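Biologist: Hello! Could you help me learn to read a few features, starting with contacts between side chains?
Modeller: Gladly, let's look together.

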Amino acid sequence: MLSLTSSLFLLKPSGCGDGHTFCEPHSGFKVGLFYLSVYLVALGNGGYQPNIATFGADQFDEQDRREAHSKISFFSYFYLALNLGSLFSNTFLGYFQNNGSWALGFWASAASAVVALLLFLAGTRQYRHFHPSGNPLSRVSQVIVAASRKWDADKPSSSKELHELGSKEFASTGSRKLLHTEGFKFLDRAAIIQAKDKPTLQSHPWHLCTVTQVEELKCVLRLLPIWLCTILYSVVFTQMASLFVEQGAVMETNIGSFQIPPASMSAFDILSVALFVFLYRRVLHPFACRLTGNSSGPTELQRMGVGLVIAIIAMISAGTVEIYRLKHVCKACINEESSMSILWQIPQYMLIGASEVFMYVGQLEFFNSQTPDGLKSFGSALCMTSISFGNYVSSLLVTILMDITKRGGKPGWIPDNLNKGHMDRFYYLLALLTAADLVLYIICAKWYKSIKVEGMEEEGNDEDEIDDIKIDDLKVSVV
């Protein structure tokens, strides 16, 4: 639709073409069709992105050691595939855009989607499927309603007295039973069996819920603080497509006779992701296993913490480059361009790419492993919404800072003419905010309790060991 509306309507306005006459405005129908196609892209992406990661992970059996190890590798290569797609966009589609071939770029994207669909359908007979476990929103709502109705009920002395289905009943549904955990004790009231519930234990889910259903809501509540801490990292990640490009545009972009488009510098981020995916799987992970004596290596929470540390270094690098760029501004030049080469941006792009491998890949693994069977797509969606909220927070932060720093007739930190501003201060502020976010993240990670599934082998000496992030462990991982 986007290709058709661009080719037939938007790129061929009526009433002009001689270089002097203004074009007539497009009709509401044409503009409406354009916006409909744009929002369909967003809708399709929202349905595709969270579920493709979850469905891919479902192809691996967690009970099989070899497949469980392959499942961990899948998330790394999945994120690498996403970045290779971005590399295609930043090169071929960027070339079409620079030449004004907008419709051709849209057609190339449509063809890419068709090829992807055919590849996906080609494996239909080999896919593994899990039985649907119902609407997660209604299941969560049932726990809240049932617990509220029993706010004054007497709590049993043992969690074994709470309502739960048998293992065979769970096996028939394809889901696994979750074991009871401490915390959020008010929600346990939803599983308290009262006299009026006994005759119809399974007939009124809004009155009586199972322990597994209660634990599903507890899992979501425990994940939210970790998820909130990842949003600020997404603010840092967003700068790569915004301020990094603006910074590169006022640097020396000519390398001999070749001119480097500032937006294409993100290719170094993609190359960094590819490099560190293989480097982590082949070098860092085996080394960490030998160093710690733990065959599973650093946990997802530890790797996400390392990602935050690298993001701090990336912002410090970007701020330092900006300070030196301002020192090399040619005041006598018409455009006041800096003589500092755009290649000095490579370290900050590479650092962002390295942090993505630790943060986003670890985040995908963490949310997939720590969400119940019926909420796997919700876990993947949390990872995607973290990036979306990061964009909104970044825009809000820039707007607030510009309002504050422009007072008194000053140009502000990020004016239209960057040579009159102090974008380096914004980078350093992000580094400071990310450092504070890291401290908060460590507190949340130490508080976090891992999901407990019936039948899974315990790793470590207690239930929290697998996800307990410690300062010393974090230092080891960074080294």
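Biologist: Which side chains does the polar contact of 2.7 Å join?
Modeller: A polar contact is a pair of N or O atoms within 3.5 Å; within protein, one must be able to donate a hydrogen and the other to accept it, and residues adjacent in sequence count only if both atoms are side-chain atoms. Here, the side chains of Asn419 and Arg325 are joined at 2.7 Å. This is a predicted model, where local features need pLDDT of at least 70 and side-chain atom pairs pLDDT 80 or more, while totals for chains, interfaces and linings use all residues. Residues are numbered from 1 along each chain as its sequence is written, and side-chain values use heavy atoms, leaving out hydrogens and water.

Biologist: Is Asn419 buried or exposed?
Modeller: Buried means under 20% relative accessible area, exposed over 50%, and partly exposed in between (1.4 Å probe, protein chains only). Asn419 has 10%, so it counts as buried. Its C-alpha atom lies 8.3 Å from that of Val250, 169 residues apart along the chain.

Biologist: Where is Asn419 found?
Modeller: Helices (H or I, at least four residues) and strands (E, at least two) are DSSP runs, numbered from the N terminus. Asn419 sits in the loop between α12 (376-405) and α13 (423-447).

Biologist: What about phi at Phe184?
Modeller: Most residues other than glycine have a negative phi. Phe184, not a glycine, has a positive phi of about 50°. Phe184 belongs to the loop between α6 (167-173) and α7 (211-238), and is partly exposed at 33% relative accessibility.
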